[in-house]
Amino acid sequence: MRWWVLTLLVSLAVAAAGQELERSPFHGDETSIGVGKATFRLRCSACHGIHAEGGKGPPLNRGDFAAGNRDVDIYRVIARGVPGTEMPAYGSRSTEENIWRIVAFLRTFEPVGEERVDGDAERGEAIFWGAGGCGGCHKVGRRGGSYGPDLTRIGRSRSVDHLREALLDPNEDLPAGYFMVKVVTRDGRTISGIGSGIDDFSAQLRDASGKLHSFLREDVESIEREFTSAMPTGYGESLSDQQQRDLLAYMQGLRGEESR
Amino acid sequence: MNRQVWLACILLACAAVALGQVDAEALANSQQDDESWLMYGRNYSAWRYSPLDEIDTGNVGRIAPAWIFQTGVSGKFQTTPLVRDGVMYVTGPSNHAWALDLMTGRELWHYSEPVPDDLPLCCGQPNRGFAILGNRLFKVNMQATLVALDAATGDVVWEVESADYRKGYSNTVAPLVVNGMVVVGIAGAEFGTRDFIDAYDAETGERRWRFRTVPGPGEPGNETWGGDSWKRGGASTWITGSYDPELNLIYWGTGNPGPDLDGAPRPGDNLYSDSMLALDADTGELRWYFQFTPHDVHDWDAVADPVLIDVEIDGQPRKALVHANRNGHFYALDRASGEFLFARAYTEVNWADGMTSAGRPILIPGRTPTDEGTLTCPGMGGGHNWHATSYSPQTGLYYFNSGDGCQIYHGATQDFVEGEYYLGSAMENVTGDPREGSILAVDPGTGDQRWRFALVSPPSSGMLSTGGGLLFAGTQEGYFVALDATDGKPLWRLQTGGPVRAPAITYRFEGRQYVTTAAGSAVIAFALPR
């Protein structure tokens, strides 16, 4: 079918049905899938990966979606976003047809289901709040520290692979806003912490105690931004393989529900 | 001509002066008019230099806001305001515009036009400014229209459609008035449009000429497009050009070929994408062209200002056109003939190993985007992108900004669907690469860098240089900054509270020098305390 005939038919269908469509009208149409793929790469890949393999956002190439596995569920997430996560609403930035094209593209992946971690979430929870020391810096619900990212909903927004990478090599892919800042004062003191802000003339950082510091570049010896994580490395050695899997299983289950 | 007609002409001329109308002579002499800012680049050579020197390196530390105008409109403010006879004319995003009282910043009138919901856009809804002639202002609207407004009231005098926005055309450019015509470009290459430069009669809105930046069958250059790929060839013209009255040539840069990152559907050099064009101002006929990036697959539009400078190069005085291209090289061309004079890399470049004697890049293999991705420097936005540049005849230096760093380019084949993205894939940031930036001062005769002011983020605003030895610029983090134009040393700054995406302007009003820029959603005028 010529693309414009298809587009016309789809436009009429979408106009008639609004968002009542349950299934992408572009299913299996290679041209539309190509446009959907291009749009995905432009708008979505920074978080979900260039091949939809996941990254800062969950993987979308497994045929399993947190908000539901019908086409219309995926459509709604793209159009309305996910409140409380980094996922914005694209409904006002894209046509309905183009969102359905993205859905058609995401449906080209063979469903393999959500990756489940072979671990015990209860034991992982104990590690998180105990031997692992994770809760000292990370909050889950209202419990925990605030030096590192809030993990209350981390199981919804990160793939297992990404969580594993963050655990074993936290410097590989820093969460937005969690770069380090190192300041050397005129009297030779070094103050490091997570950067709240940095620009050409100043820097603001929180040290490990949570204290806020603000510096003007002209008042100090140097201000350096470092793309390293404040999270300790070495969990690959200090935790056994089973403990790592337990911890990951716990984090995978953190989906914003009442924290335990 | 009899005496009555002469008398009528003189009276009309007097009336025009009395009403503050801008005529062709005023535009031609804009560089000498300290009390006005009459066109996008301040003068036809696009210098963005004002000889005003009341604010200088010694006292700039004392400047402060004289007034702030809050527009109440969100979006990217990338406008160059115009100033004439006590009024500032400002365009904003999403088809808004205002006239402001120069003394107080109070609104005199507000123009707005809805943006169609179904308008395909790649990059937001900015607008880069008005042009002016007589008592009329000219601006483009997002839906690829050109509108003439009554400068006194903001009322629409005429409006014409340049192209059908439903096909992916849109417009953001500041028009350029030349010889009674309003010259505009067009955007849309991310949607597989076939683009152009238009000239419209300032009086009637009738189109006087159109130059297609992708030639059709039978036209020279069409042979550089395989098959019928020319139909979707892009080559947008979304940044204002310059004009040489002696040569009567308009210079205008063109953008990427479509699809952006996939060259397979369009074998050949893809003229006149990524090129500098010299057009006869009266007819729109092509006099010469120079293509910076033949068969581009990295989205390196040639949209940087074409700045006209008479400068010595290799011991010879040259009428040059200088241009800091998005592909990472600073170029000098002979603006009469288009002859390549030299090119120098100004940021990290890993795709070309210099130039041939004709200025064609010597390609380094392995930089074509692939499905898995190819690391290439500079990244998609450049190098230097569209942000306004400045040439100071006082320092002899040319100022522009640069986005420094690399990106991973992913390519993929896609079919064309009218009005939808036609990109051929996308870019990915490099883990651990912070994508920083810089403000550069370059000797335009050699390309030698004289100084570099480092930015923690890719640049966002344009440049203004002044006779006070200053360079004004802004940052993404909201700082409006004055640097010493000689050595780049920061002399003054203000945190404005919003990203500075616009270039600054300056003018004298009632004996006092003002410097004005848009920041966030506001327009701020600075001056020394009374």
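The buried residues of H2(A) pack against helix H3 (45-48) and helix H5 (96-106) of chain A. This is a predicted model. The contact between the two chains takes 23 residues from chain A and 23 residues from chain B.

- H2(A) is mostly covered, with ten of its 14 residues buried.
- Among the buried residues are A:Ile33, A:Val35, A:Ala38 and A:Phe40. The charged side chains A:Lys37 and A:Arg41 are on the buried list too.
- The 14 residues of H2(A) should span 20 Å at 1.5 Å a residue.
- On the chain A side of the contact with chain B, helix H1 (3-17) and helix H2 (30-43) each supply at least two residues.
- H2(A) gives the most to that side, with eight residues.
- By class, the side of chain A that touches chain B has nine nonpolar, seven polar and seven charged residues.

**Chain B overall**

- Chain B has two helices and 38 strands.
- The C-alpha trace of chain B spans about 65 × 55 × 50 Å along its principal axes.
- Buried residues make up 56% of the 530 residues in chain B.
- Take the contacts in chain B between residues at least 6 apart in sequence: 59% of them join residues at least 24 apart.

**Strand S33 of chain B and its two partners**

- Five of the five residues of strand S33 (residues 470-474) are buried, so S33(B) is largely enclosed by the rest of the structure.
- B:Leu470, B:Phe472 and B:Gly474 point one way from S33(B), while B:Leu471 and B:Ala473 point the other way. Residues on both faces are buried.
- Strand S32 (residues 464-466) of chain B runs antiparallel to S33(B) and is joined to it by two bridges. Here B:Leu464 stands opposite B:Phe472.
- The hairpin of S32(B) and S33(B) has three residues between the strands, and B:Gly469 takes a positive phi near 75°.
- S33(B) also pairs with strand S34 (residues 479-484) of chain B, in the antiparallel sense over five bridges. In this pairing B:Ala473 stands opposite B:Val481.
- The hairpin of S33(B) and S34(B) has four residues between the strands, and B:Gly478 takes a positive phi near 100°.

**A four-stranded sheet in chain B**

- An open sheet of four strands has the order S11-S12-S13-S14 (chain B), with antiparallel pairing.
- Strand S11 (176-178) and strand S14 (207-212) of chain B are the edge strands, and each pairs on one side only.
- From one strand to the next, the twist averages 20°.
- S11(B) pairs with strand S12 (residues 181-184) of chain B over three antiparallel bridges. B:Val178 stands opposite B:Met181 in S12(B).

**The loop at B:Gly75**

- B:Gly75 is found in the loop between strand S2 (64-70) and strand S3 (82-84) of chain B.
- With 16 other C-beta atoms within 10 Å, B:Gly75 is partly exposed.
- B:Gly75 and B:Ser521 are 446 residues apart along the chain, yet their C-alpha atoms are separated by 7.2 Å.
- Not counting residues up to four places away in sequence, B:Gly75 touches B:Pro93, B:Ser94, B:Gly124, B:Gln125 and B:Pro126.

Terms used
Residues are numbered from 1 along each chain as its sequence is written. Chains are lettered from A and ligands numbered from 1 in the order in which they are written. This is a predicted model: local features need pLDDT of at least 70, side-chain atom pairs count only at pLDDT 80 or more; totals for chains, interfaces and linings use all residues. A residue is buried if 20 or more other C-beta atoms lie within 10 Å of its own, exposed if 12 or fewer, and partly exposed in between; C-beta atoms are placed from the backbone. Two residues are in contact if their C-beta atoms, placed from the backbone, lie within 7 Å. Two strands pair if DSSP finds at least two bridges between them. Axes are lines fitted to C-alpha atoms, for helices over the stretch in contact, and angles run from 0 to 180 degrees between N-to-C directions. The expected span of a helix is 1.5 Å times one less than its number of residues.
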